[in-house]
Amino acid sequence: MLKGFHSVETGSTMSDVAKDKAARLLKKRGSISSLSSHEVKAKETTGKTKDSVSTVSYIDEPGHHDDIPRPAVQMENTYQIGPIKRFPVATVNNILKDVLTSYLQEEKYEAELCRQMTKTISEVIKARVKDLMIPRYKIIVLITIGQLNDQNMRIGSRCLWDPTNDTFSSYAFKNNSLFAVANVYAVYFE
(Lines give C-alpha, C1' and ligand atoms only; values in the text may rest on other atoms or scores of the structure.)
Protein backbone atom coordinates (compact mmCIF):
# COMPACT_ATOMS: atom_id res chain seq x y z
CA MET A 1 0.00 0.00 0.00
CA LEU A 2 2.71 2.52 0.92
CA LYS A 3 5.63 2.38 -1.49
CA GLY A 4 9.12 3.19 -0.23
CA PHE A 5 8.02 3.06 3.39
CA HIS A 6 10.44 1.24 5.67
CA SER A 7 10.25 1.15 9.42
CA VAL A 8 11.48 -0.94 12.25
CA GLU A 9 8.65 -2.23 14.38
CA THR A 10 9.00 -3.63 17.83
CA GLY A 11 6.20 -5.93 18.82
CA SER A 12 2.88 -4.67 17.53
CA THR A 13 3.55 -0.89 17.61
CA MET A 14 4.92 1.42 14.92
CA SER A 15 7.36 4.18 15.67
CA ASP A 16 6.15 7.77 15.88
CA VAL A 17 8.12 8.66 12.75
CA ALA A 18 6.41 5.89 10.79
CA LYS A 19 2.97 7.02 11.97
CA ASP A 20 3.71 10.60 10.95
CA LYS A 21 4.80 9.47 7.46
CA ALA A 22 1.73 7.27 7.09
CA ALA A 23 -0.57 10.09 8.20
CA ARG A 24 1.04 12.52 5.70
CA LEU A 25 0.69 10.01 2.85
CA LEU A 26 -2.94 9.36 3.70
CA LYS A 27 -3.69 13.09 3.81
CA LYS A 28 -2.08 13.50 0.37
CA ARG A 29 -4.34 10.74 -1.00
CA GLY A 30 -7.51 12.46 0.27
CA SER A 31 -8.12 10.36 3.36
CA ILE A 32 -8.64 12.03 6.68
CA SER A 33 -7.41 10.70 9.97
CA SER A 34 -10.16 9.76 12.35
CA LEU A 35 -8.19 11.29 15.18
CA SER A 36 -8.71 14.98 15.71
CA SER A 37 -5.69 17.27 15.69
CA HIS A 38 -5.71 17.84 19.47
CA GLU A 39 -5.73 14.08 20.06
CA VAL A 40 -2.70 13.64 17.82
CA LYS A 41 -0.84 16.46 19.62
CA ALA A 42 -1.76 15.00 22.98
CA LYS A 43 -0.36 11.62 21.95
CA GLU A 44 2.85 13.21 20.71
CA THR A 45 3.40 14.94 24.06
CA THR A 46 2.57 11.97 26.27
CA GLY A 47 4.54 9.46 24.19
CA LYS A 48 1.74 6.87 24.25
CA THR A 49 0.98 5.31 20.88
CA LYS A 50 -1.62 2.98 19.50
CA ASP A 51 -1.09 0.06 17.18
CA SER A 52 -2.46 1.68 14.03
CA VAL A 53 -3.78 4.89 12.51
CA SER A 54 -7.47 4.74 11.66
CA THR A 55 -8.57 6.56 8.53
CA VAL A 56 -11.90 7.55 7.09
CA SER A 57 -12.29 7.88 3.35
CA TYR A 58 -13.65 11.10 1.84
CA ILE A 59 -16.60 9.17 0.43
CA ASP A 60 -17.59 7.76 3.83
CA GLU A 61 -18.07 11.22 5.34
CA PRO A 62 -21.67 12.41 5.58
CA GLY A 63 -22.76 14.76 2.83
CA HIS A 64 -20.28 13.56 0.22
CA HIS A 65 -22.26 10.59 -1.06
CA ASP A 66 -24.62 12.94 -2.96
CA ASP A 67 -21.86 13.77 -5.47
CA ILE A 68 -21.78 10.22 -6.81
CA PRO A 69 -24.20 9.66 -9.70
CA ARG A 70 -26.35 6.62 -9.18
CA PRO A 71 -27.76 4.50 -12.01
CA ALA A 72 -31.40 5.11 -12.86
CA VAL A 73 -33.89 2.68 -11.39
CA GLN A 74 -35.20 0.38 -14.10
CA MET A 75 -38.95 -0.11 -13.81
CA GLU A 76 -40.63 -3.26 -14.99
CA ASN A 77 -43.02 -3.16 -17.93
CA THR A 78 -46.72 -2.83 -17.14
CA TYR A 79 -47.84 -3.98 -20.59
CA GLN A 80 -50.50 -1.30 -20.48
CA ILE A 81 -51.22 -0.24 -24.04
CA GLY A 82 -53.91 2.38 -23.51
CA PRO A 83 -54.54 5.11 -20.96
CA ILE A 84 -56.56 4.40 -17.83
CA LYS A 85 -57.83 7.99 -17.74
CA ARG A 86 -58.44 9.92 -20.98
CA PHE A 87 -57.02 13.40 -21.44
CA PRO A 88 -59.75 15.93 -20.45
CA VAL A 89 -59.85 18.25 -23.48
CA ALA A 90 -62.77 20.35 -22.19
CA THR A 91 -61.08 20.97 -18.82
CA VAL A 92 -57.83 21.98 -20.53
CA ASN A 93 -59.77 24.33 -22.85
CA ASN A 94 -61.16 26.04 -19.74
CA ILE A 95 -57.64 26.34 -18.30
CA LEU A 96 -56.39 27.90 -21.55
CA LYS A 97 -59.27 30.38 -21.64
CA ASP A 98 -58.80 31.33 -17.98
CA VAL A 99 -55.02 31.81 -18.18
CA LEU A 100 -54.97 33.73 -21.47
CA THR A 101 -57.79 36.00 -20.38
CA SER A 102 -56.29 36.75 -16.97
CA TYR A 103 -52.79 37.47 -18.32
CA LEU A 104 -53.61 39.30 -21.57
CA GLN A 105 -56.98 41.04 -21.07
CA GLU A 106 -55.54 44.51 -20.39
CA GLU A 107 -52.15 44.15 -22.14
CA LYS A 108 -50.98 46.20 -25.12
CA TYR A 109 -48.67 44.64 -27.70
CA GLU A 110 -44.98 45.23 -27.01
CA ALA A 111 -42.50 42.84 -28.62
CA GLU A 112 -40.23 42.36 -25.59
CA LEU A 113 -43.12 42.05 -23.13
CA CYS A 114 -44.89 39.50 -25.34
CA ARG A 115 -41.74 37.40 -25.63
CA GLN A 116 -41.57 37.15 -21.84
CA MET A 117 -45.31 36.61 -21.56
CA THR A 118 -45.19 33.57 -23.89
CA LYS A 119 -42.67 31.92 -21.56
CA THR A 120 -44.64 32.80 -18.43
CA ILE A 121 -48.01 31.76 -19.83
CA SER A 122 -46.68 28.44 -21.16
CA GLU A 123 -45.18 27.57 -17.76
CA VAL A 124 -48.42 28.47 -15.96
CA ILE A 125 -50.52 26.40 -18.37
CA LYS A 126 -48.16 23.44 -18.14
CA ALA A 127 -48.24 23.56 -14.33
CA ARG A 128 -52.04 23.75 -14.22
CA VAL A 129 -52.44 20.86 -16.68
CA LYS A 130 -49.94 18.75 -14.71
CA ASP A 131 -51.96 19.48 -11.54
CA LEU A 132 -54.79 17.47 -13.12
CA MET A 133 -52.59 14.39 -12.49
CA ILE A 134 -53.27 12.65 -15.79
CA PRO A 135 -50.92 9.65 -15.78
CA ARG A 136 -48.59 8.78 -18.66
CA TYR A 137 -49.22 11.81 -20.83
CA LYS A 138 -46.42 14.06 -22.05
CA ILE A 139 -47.58 17.67 -22.16
CA ILE A 140 -46.34 20.15 -24.79
CA VAL A 141 -47.48 23.78 -24.59
CA LEU A 142 -47.08 26.25 -27.49
CA ILE A 143 -48.06 29.90 -27.15
CA THR A 144 -48.10 32.42 -30.01
CA ILE A 145 -48.68 36.11 -29.35
CA GLY A 146 -48.81 38.68 -32.16
CA GLN A 147 -49.81 42.24 -32.89
CA LEU A 148 -53.34 42.82 -34.11
CA ASN A 149 -52.84 45.24 -37.00
CA ASP A 150 -55.23 44.40 -39.89
CA GLN A 151 -53.15 41.48 -41.12
CA ASN A 152 -53.87 37.84 -41.79
CA MET A 153 -51.96 35.01 -40.19
CA ARG A 154 -52.33 31.24 -40.27
CA ILE A 155 -50.82 28.97 -37.68
CA GLY A 156 -50.55 25.29 -38.52
CA SER A 157 -48.99 22.28 -36.91
CA ARG A 158 -48.34 18.68 -37.85
CA CYS A 159 -47.82 15.86 -35.43
CA LEU A 160 -47.05 12.20 -35.78
CA TRP A 161 -49.08 10.40 -33.16
CA ASP A 162 -51.61 7.75 -32.32
CA PRO A 163 -55.08 9.23 -32.93
CA THR A 164 -56.76 6.84 -30.47
CA ASN A 165 -54.70 7.99 -27.44
CA ASP A 166 -53.05 11.32 -28.33
CA THR A 167 -54.98 14.57 -28.46
CA PHE A 168 -54.70 18.35 -28.25
CA SER A 169 -56.50 21.37 -26.89
CA SER A 170 -56.46 24.85 -28.38
CA TYR A 171 -57.78 28.32 -27.60
CA ALA A 172 -57.49 31.65 -29.42
CA PHE A 173 -57.66 34.98 -27.58
CA LYS A 174 -57.96 38.51 -28.98
CA ASN A 175 -58.15 42.02 -27.50
CA ASN A 176 -57.75 45.51 -29.09
CA SER A 177 -53.97 45.29 -29.43
CA LEU A 178 -52.91 41.65 -29.68
CA PHE A 179 -53.95 38.09 -30.40
CA ALA A 180 -52.78 34.88 -28.74
CA VAL A 181 -53.12 31.23 -29.66
CA ALA A 182 -52.44 28.54 -27.08
CA ASN A 183 -52.02 24.86 -28.00
CA VAL A 184 -51.58 21.98 -25.57
CA TYR A 185 -50.57 18.65 -27.04
CA ALA A 186 -51.08 15.53 -24.96
CA VAL A 187 -49.04 12.56 -26.18
CA TYR A 188 -49.58 9.22 -24.46
CA PHE A 189 -46.35 7.59 -23.27
CA GLU A 190 -46.47 3.78 -23.11
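Reply: Helices are DSSP runs of H or I with at least four residues, strands are DSSP runs of E with at least two, and both are numbered from the N terminus. This is a predicted model, where local features need pLDDT of at least 70, side-chain atom pairs count only at pLDDT 80 or more, and totals for chains, interfaces and linings use all residues. Residues are numbered from 1 along each chain as its sequence is written, and side-chain values use heavy atoms, with hydrogens and water left out.

Me: In what order do the elements of the protein chain run from the N terminus on?
Reply: Start with the parts list: the protein chain has four helices and five strands. Now read them off from the N terminus, and you get α-β-α-β-α-α-β-β-β.

Me: What percentage of the residues of the protein chain count as buried?
Reply: Buried means under 20% relative accessible area, exposed means over 50%, and partly exposed is in between (1.4 Å probe, protein chains only). Of the 190 residues in the protein chain, the share that passes as buried is 23%.

Me: Which strands stand at the edges of the sheet?
Reply: Two strands count as paired if DSSP finds at least two bridges between them. The open sheet has three strands in the order S3-S5-S4, with antiparallel pairing. Each edge strand has a single partner strand, so one side of it has no neighbour in the sheet; these are S3 (137-147) and S4 (167-174).

Me: How many bridges does S3 share with S5?
Reply: Strands of a sheet pair through backbone hydrogen bonds, either parallel or antiparallel. S5 (residues 178-188) runs antiparallel to S4, with eight bridges between the two. S3 and S5 are antiparallel too, and their number of bridges is eleven.

Me: Which residue of S5 is the bridge partner of Tyr-171?
Reply: A hairpin of three residues links S4 to S5. Further along this pairing, Thr-167 faces Ala-186 of S5. For Tyr-171, the partner in S5 is Ala-182.

Me: How many residues of S5 are buried?
Reply: Helices lie against the sheet: H3 (residues 89-104) lies across S3, S4 and S5, at about 30° to S4. H4 (residues 111-130) packs on the sheet as well, touching S3 and S5, and its direction makes about 150° with that of S3. S5 itself is mostly covered, and of its eleven residues the buried ones number ten.

Me: What do the buried residues of H4 pack against?
Reply: The buried residues of H4 are Cys-114, Met-117, Ile-121, Ser-122, Ile-125 and Val-129. Contact here means heavy atoms within 4.5 Å. What these buried residues of H4 pack against is H3, S3 and S5.

Me: How many residues does the largest nonpolar core have?
Reply: A nonpolar core is a set of buried Ala, Val, Leu, Ile, Met, Phe, Trp, Tyr and Cys residues joined through side-chain atoms within 4.5 Å. In the largest one, the residues with the most contacts inside it include Phe-87, Ile-121, Ile-125 and Val-184. H3, H4, S3 and S5 each supply at least two residues of this core.

Me: How far is the C-alpha atom of Asp-98 from that of Ile-125?
Reply: Asp-98 sits in H3 and is partly exposed, with a relative accessible area of 40%. Ile-125 touches Leu-96, Val-99, Val-141, Ile-143, Ala-182 and Val-184, leaving out residues up to four places away in sequence. Asp-98 and Ile-125 are 27 residues apart along the chain, and their C-alpha atoms are separated by 9.6 Å.

Me: What is the relative accessible area of Asp-150?
Reply: Asp-150 lies in the loop between S3 and S4, and its phi is positive, about 55°, although it is not a glycine. Met-133, in the loop between H4 and S3, also has a positive phi of about 55° and is exposed at 64%. Asp-150 is exposed too, with a relative accessible area of 83%.

Note on methods
Axes are lines fitted to C-alpha atoms, for helices over the stretch in contact, and angles run from 0 to 180 degrees between N-to-C directions.
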